[in-house]
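I opened this notebook to record what I looked up in one structure. The entries follow the order in which I took up each topic.

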Amino acid sequence: MFWVILLISGVLSYLLLIQLPKRLTLLNKLKTVRGPPALPLLGNALDLSVARSEVLQVFLRFFKDYGPRFKMFLGMQPYIVFGNASDAEKILSSQTQIEKSADYDFLHEWLGLGLLNSRGEKWFHRRKQLTPAFHFKILEDFLRVFNEQCAVFKSALEGKGHEKFDIFPVITLCTLDIICETTMGRRVFAQQKSDSDYVRAIYRISELFQYRQMRPWLHSDFIWRRSQAGKENEKCLKILHGFTDLVIRERKEERKALGDKENANGKADNDGMESKKRLAFLDLLLDAQNADSLLTDKNVREETDTFMFEGHDTTSAGVSWTTFLLSLNPECQEKVHQELDEIFGNDRTREVTMADLAKMKYLECCIKEGLRIFPSAPFIGRKLTSELKLEDGLVLPSSITVWIFIYYIHRDPKIFPNPEKFDPNRFLLEEAQGRHPFSYLPFSAGPRNCIGQKFAMMEEKVMLATIFRNFNVKAAQRMEDVNRLCEVIMRPEAGLWVTMQKR
Ligand code: HEM
């Protein structure tokens, strides 16, 4: 009994004498930041315990009531939410405020400390190692994969006939095929076999991540691992890691066999079939591993999984929303048709070249406008590693979490008048000139911006060109009827429904 009393009084003294003063100091530093009233212990969790499709409305209400920078609490944790370009600039352009917020921790089980999650020296070194993987020459090589997978995509669209259908899953399967082949050098035939274990696991794990993030009681690893969803997550992880491990092992063996063969035949065999084998991101990682003994197999898996995660859901959302926006705006769609006809004439089968991509200027404006209205990553989070002084003099204390709400920044009517209107002309060179550089952030900005943005733009162009060279697309629902889920990835709640007619 004595020990129990001693333990309880120890805990209470720690809370009262150490934690409470710390917390009061922190709250005092944030007292000038406005925000919705928060309950003790729960914070604003109840405000956010609404249907998934209503979460965005809650945030928009907070912005309306408290301005483009507000404070809220999830449990006891304070969050500062930025919805304006100048605050975003302060944090994103910093070379030191590059640590991700705790929200990303739930991705660790799957992605480990790959480029998206890593911090400090590890991130810096890895970013330097991976940047050459997005060199123009390598992207040019990937164009062949985009073209081949888009041929399958085109057949899938043709198979829809004149019936209305949800464009989102069809596009996602294509982006999944593309990312698997470019990242791992492996075809998974997602478009042909959407029920494969791997494809299902990758779909499901993203949903489970979201599910956990929105439920504070599942944040503890102890409870999560024992919950139904946590157990399902574990099964998905086994499938995903098992697959990546297998691919890495096999790729290493193939490379070794190829190396042995080359050694035996001398370099004269360089024109042989094997040496023409397509390179994938994985090969570049394995090359890096040869030169850097600190890059373990686990590290290679982390990066491979990170590319798989970051590189397909983001682009599929981008292509889907832009297709839908064009289906609602026939005059813009007509301009896209004209541009593509000028490039390809009546030829509906010729593969897209790098030169063609450079000519798709109006389509590029449409993609940018699509990503403005529906940024694939609608918000991103940082943990401050030191104090951050904002333009108006407010100093945010170290260790606090900041969310940069890209979705809201993209709707500043002073920068983008009539922000809900789809107007690709906003991105014509002359229109965009002079705009605040942090007012448009689909790929984030600064040192931790998206490493895959050129890849993404190319892929989006090839996919959208495949759609609009071949089809007239009509919306089968109104924008007002599409519920927006502002989650890790910006998605519609119940799909994006269209009909397609062959041109
Ligand atoms: C339309 C498509 C895409 C969008 C909108 C997008 C957006 C973003 C954003 C906003 C970030 C910053 C995340 C943060 O700060 O938490 C990011 C980071 C990242 N993206 Fe993308 N992304 C896209 C496509 C891709 C592709 C195709 C790849 C890879 C093939 C990729 C790989 C990454 C990686 C590895 C990071 C982490 C970079 C770092 O922290 O150094 N992304 N992306």
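Entry one, a helix contact. I listed the residues through which H15 and H20 meet: Gln-333, Val-336, His-337, Leu-340 and Phe-344 in H15, and Ala-465, Phe-468 and Arg-469 in H20. Contact here requires C-beta atoms, placed from the backbone, within 7 Å. By class, this contact of H15 with H20 holds 5 nonpolar, 2 polar and 1 charged residues. Ala, Val, Leu, Ile, Met, Phe, Trp, Tyr, Cys and Pro count as nonpolar, Asp, Glu, Lys and Arg as charged, and the others, Gly among them, as polar.

I noted that the model is predicted: local features need pLDDT of at least 70 and side-chain atom pairs pLDDT 80 or more, while totals for chains, interfaces and linings use all residues. Residues are numbered from 1 along each chain as its sequence is written. Helices (H or I, at least four residues) and strands (E, at least two) are DSSP runs, numbered from the N terminus.

I then looked up the geometry of H15 (residues 330-344) and H20 (residues 453-470): they pack at about 95 degrees, with their axes 9 Å apart. H15 is therefore roughly perpendicular to H20, a term that covers angles of 65 to 115 degrees. The axes are lines fitted to C-alpha atoms over the stretch in contact, and angles run from 0 to 180 degrees between N-to-C directions.

I found Cys-450 in the loop between helix H19 (429-432) and H20. The unreviewed UniProt entry annotates Cys-450 as "binding site"; such annotations may be inferred rather than shown by experiment. Cys-450 counts as buried because it has 20 C-beta neighbours inside 10 Å (buried means 20 or more, exposed 12 or fewer, partly exposed in between).

I located Leu-113 in the loop between helix H5 (108-111) and helix H6 (120-130). Leu-113 is partly exposed, with 18 other C-beta atoms within 10 Å. Leu-113 and Asn-299 are 186 residues apart in sequence, yet their C-alpha atoms are 7.9 Å apart.

Technical notes:
Angles under 35 degrees count as roughly parallel, over 145 as roughly antiparallel, 65 to 115 as roughly perpendicular and the rest as oblique. Two residues are in contact if their C-beta atoms, placed from the backbone, lie within 7 Å.
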